[in-house]
Amino acid sequence: MVSGSFAPIVRNLGLIGLLCGATSVAHAATDTAHADVESALLHRQLDLSRAQQWDPKRNRWLPLYLPPAKVYVVGTDAAYAPFESQNEKGEIVGFDIEVVQAVAAKAGIEVKFVNTPWEGIFNALAQGDRDLLVSAVTITDERKQTIDFTDPYFDAVQLIAVKETSKVTKFADLKKLKVGVQTGTTGDEAVTKLLGKNSTAIKRFESTPLALKELESGGVDAVVADNGVVVHYVANNPGGKFKTITDKEFAPEQYGIAVKKGNTELVEKLNNGLAEIQADGSYNQIYTKYFGQAPVAKGAAAPASAASK
């Protein structure tokens, strides 16, 4: 229903038909302060989606009827600080979250974040329970067979965490040790290649923080995981007495926002939004907030605080 201190001017592609019946509508509503324009349109079986009303504040025509805007459901494994985690209020926060919020604002879409366990996150996307994923997801050739990705928005590399007293100095030193990884991550893939698919020395966990807690308690000798998460955990748990080790065997990684295979329209919207926040400096501001420095130039090594899955 259209109401207010002024009677809105209404136009429609079928305006002639509306004007022809305007007089009869006005006489029928003499006891009403404002004519129910929407009802009049419906009675004349006109297409509401094509009806417009004049907005004097904006000085332009606006749709009389707007269908509810789609809310895109974003899946994220909120146990991966500083990228995605839950604060004391239960709100999902982090670098990835702010990036997608900024991208969505530029793309003109509304998003809603839903905590989604990593082990089921790709199935949730495939089944349509999630419209997109942002969870430090590494872009790999294998994943691209079933998932579409936006342009990369972050460079990262794997990192080894051990106790301060460990003699480990490189990735190959883990061959005879118990190694903790997060299930289904690129760290899991790297360790599986080193120790073997059926190795009993690989201990898999639902999250990287759980693997690092196991390292702290002595249940594993090392953890291989995304460097940003490892650095963040080590910095916030000085009592664990950890040290971190880099290795040239770990290939540089990139990750992007994941979208259901074939949804090229959404990928295009997100890519456009991503390009805009990179161009106007918004991305650099978010990056610096979480990692203490601007992004490294393309082709350079990822900062120690970066991460990917």
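Predicted model: local features only at pLDDT ≥ 70, side-chain atom pairs only at ≥ 80, totals over all residues.
## Basis of the model

Local features require pLDDT of at least 70 and side-chain atom pairs count only at pLDDT 80 or more, while totals for chains, interfaces and linings use all residues. Residues are numbered from 1 along each chain as its sequence is written, and side-chain values use heavy atoms, with hydrogens and water left out.

## Overall make-up

The protein contains 11 helices and 18 strands (DSSP runs numbered from the N terminus: H or I of at least four residues for helices, E of at least two for strands). Of its 309 residues, 43% are buried, meaning under 20% relative accessible area with a 1.4 Å probe, protein chains only.

## Helices α4 and α11

Helix α4 (residues 95-107) packs with helix α11 (residues 282-291) at an angle of about 170 degrees, and their axes lie 10 Å apart. Axes are lines fitted to C-alpha atoms over the stretch in contact, and angles run from 0 to 180 degrees between N-to-C directions. The two helices are therefore roughly antiparallel (angles over 145 degrees).

In α4 the contact (heavy atoms within 4.5 Å) involves Phe95, Glu98, Val99 and Ala102.

## Helices α8 and α9

Helix α8 (residues 208-217) and helix α9 (residues 227-236) pack at about 50 degrees, with axes 10 Å apart.

Thr208, Pro209, Leu212, Lys213 and Glu216 of α8 meet Val229, Val230 and Tyr233 of α9.

Note on methods
Buried < 20%, exposed > 50% of the residue type's maximum accessible area, 1.4 Å probe, protein only. Parallel < 35°, antiparallel > 145°, perpendicular 65-115°, else oblique.
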